[in-house]
Protein chains: 2
Amino acid sequence: MAEKIVSSRDAILAAALREFAARGFAGARVETIARAAGINKAMLFYYFSSKEGLYQAVLQEVMAEFFKKVQGLITPPLTPGEFLERFPKLYIELCASNPDFVRLVGFDLIQNPDNICSVMAGIITRMSEFKPHPLFEVIRRWHAQGQISEADPVQFMMNVVALSIFSFIGRPMVEAISGMRVADDGDFYARRVTSVVNVLKRGMLK
Amino acid sequence: MAEKIVSSRDAILAAALREFAARGFAGARVETIARAAGINKAMLFYYFSSKEGLYQAVLQEVMAEFFKKVQGLITPPLTPGEFLERFPKLYIELCASNPDFVRLVGFDLIQNPDNICSVMAGIITRMSEFKPHPLFEVIRRWHAQGQISEADPVQFMMNVVALSIFSFIGRPMVEAISGMRVADDGDFYARRVTSVVNVLKRGMLK
DNA sequence: TGTTATATTAACCATATGGTTAAACCAATC
DNA sequence: GATTGGTTTAACCATATGGTTAATATAACA
């Protein structure tokens, strides 16, 4: 066969994402990643020069993919109402279908916020469309035109992202407090989207 | 002197909280904890039989303290409006003054949700007042009486907790996207409380 | 004072882990 | 068929790490 189904490099990246997401950087074992990728441990150091290098590569790849998707959403001009409907939906569905992404970013956000910030900054810089980051200008304009009630774009985005992403990390916590087990069907996320969109629109739209 | 300023046991617990919060379970070094606590490593295994045991003890202690405070808030009967004002305020201020708590719980939530769930369940069971967990009954009643718009108590609480806790974990992320550095003064949290309470009341109160 | 239970330490130990190396394999190209 | 350059592996290595032990200090107490 001319090409392998997956290159060793890609197999390593995929396996590494799973392992890092499951155990964090320190808890991840290079050996385990190699075995899961079906290659010798030395291969891993051949492609990525260290565990740290591999980690950064995974983070880079995964974040870049994520930003590409978000960018697609916010490129066309939107009304605040449209934005508050589409962003959480995209975000929640994206996270639901990539649980490893959420956990990886979560770990990094807790442990080493500066690192993920610089990774994101790097990606944003490379995507010229994001440059001065139009989104925050847009949000400011929405408020200036009296379309939304929240004046501070940072608070605005925090509210949006918080409600969206917490559906994943915080679910077990709420389950524990409530004593209720939330069904793990796709339905849960559909209901979650509804609730979030509702709160955001009623809460921040004028 | 009859008693030491702090018992070795407590010194270990305090140092362990710091270390586990900073590096996660796997990243934490027993040696480092011992040194920070000013005792010999063997002492640590003398009081807590293993690294895992120490970790659980820390989690237990920290969660119990947290629940005690939350309980104080929700014990008296409240209107939904009062609840939506006081809960986020308490939550955000609590997290702001105990960043280690947030990170420790965050780690555990991502890596091992079942564990923290059972810890919480244990604590709740021991606090008899929480038993059938009245809070969720109360929320249901609020909706039945037409006082709030969200019918599902799980969604209701998720919205509340998400907006409150994300102020900490997610802040660097929003900062990176926005390119703005949020001032680290106490003011930030005050503004955050205002925004969250606003969204929640406008978004879920009828 | 002798006894006992609790605290505390220095010195070890077995193992796991990130990382290296030198040799082999393999496909393309000359 | 020899050369070359990327790919892959088994066998190592140094070190860090969780955990143990046996001996000692301390305080309470009979």
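# Chatting through a two-chain model

Me: Which residue holds the closest cysteine sulfur to the sulfur of Cys117(A)?

Reply: That sulfur sits 17 Å from the one in Cys117(A), which is too far for a bond. A disulfide is a covalent bond between the sulfur atoms of two cysteines, and here it counts as a pair of those sulfurs within 2.5 Å. So the closest one, still out of bonding range, is in Cys95(A).

Me: What pLDDT do local features need in this predicted model?

Reply: Residues are numbered from 1 along each chain as its sequence is written, while chains are lettered from A and ligands numbered from 1 in the order in which they are written. As this is a predicted model, totals for chains, interfaces and linings use all residues, side-chain values use heavy atoms without hydrogens or water, side-chain atom pairs count only at pLDDT 80 or more, and local features need pLDDT of at least 70.

Me: How many disulfides does a search of the whole structure find?

Reply: We've already seen that Cys117(A) has its closest cysteine sulfur too far away for a bond. Over in chain B, Cys95(B) is in no disulfide either, as the nearest cysteine sulfur, in Cys117(B), is 17 Å away. Over all chains, the count is zero.

Me: Is Cys95(B) buried or exposed?

Reply: Buried means under 20% relative accessible area, exposed means over 50%, and partly exposed is in between, using a 1.4 Å probe and protein chains only. Cys117(A), at 10%, falls on the buried side. Cys95(B) has 1% relative accessibility, so it counts as buried.

Me: How many helices does chain A have?

Reply: Helices (H or I, at least four residues) and strands (E, at least two) are DSSP runs, numbered from the N terminus. Chain A has zero strands, and its elements run α-α-α-α-α-α-α-α-α-α-α from the N terminus on. The helix count is 11.

Me: What share of the 206 residues of chain A count as buried?

Reply: For scale, the C-alpha atoms of chain A fill a box of roughly 60 × 45 × 35 Å along the principal axes. Contact means heavy atoms within 4.5 Å, and among contacts in chain A between residues at least 6 apart in sequence, 69% join residues at least 24 apart. As for the buried share of chain A, that's 52%.

Me: Which residues in the largest nonpolar core touch the most other members?

Reply: A nonpolar core is a set of buried Ala, Val, Leu, Ile, Met, Phe, Trp, Tyr and Cys residues joined through side-chain atoms within 4.5 Å. Phe83(A) shows what that can look like: beyond four places in sequence, its contacts include Trp142(A), Phe156(A) and Met157(A). Of the 158 residues in the largest core, the ones touching the most other members are Met63(A), Phe83(A), Met63(B) and Phe83(B).

Me: Which helix of chain A is Leu44(A) found in?

Reply: Leu44(A) counts as buried because its relative accessibility is 0%. Beyond its sequence neighbours, Leu44(A) touches residues including Ile12(A), Val30(A) and Leu54(A). Leu13(A), 31 residues away along the chain, has its C-alpha 9.4 Å from that of Leu44(A). The helix holding Leu44(A), at residues 41-47, is α3.

Me: What is the relative accessibility of Val119(A)?

Reply: Val119(A) has its place in helix α7 (residues 113-126) of chain A. Leaving aside neighbours within four places, Val119(A) is in contact with Gln56(A), Leu59(A), Gln60(A) and Met63(A). Val119(A) counts as buried because its relative accessibility is 7%.

Me: Which residue of chain A comes closest to the rotation axis?

Reply: Superposing copies here means least squares on the C-alpha atoms of residues with pLDDT of at least 70 in both. A rotation of 180° with 0.0 Å of shift along its axis puts chain A on chain B, with RMSD 0.0 Å. The two copies are therefore related as by a two-fold rotation axis. With its C-alpha at 2.0 Å, the residue of chain A closest to that axis is Gly203(A).

Me: What percentage of the interface residues of chain A are also interface residues in chain B?

Reply: The copies meet through the same surface.
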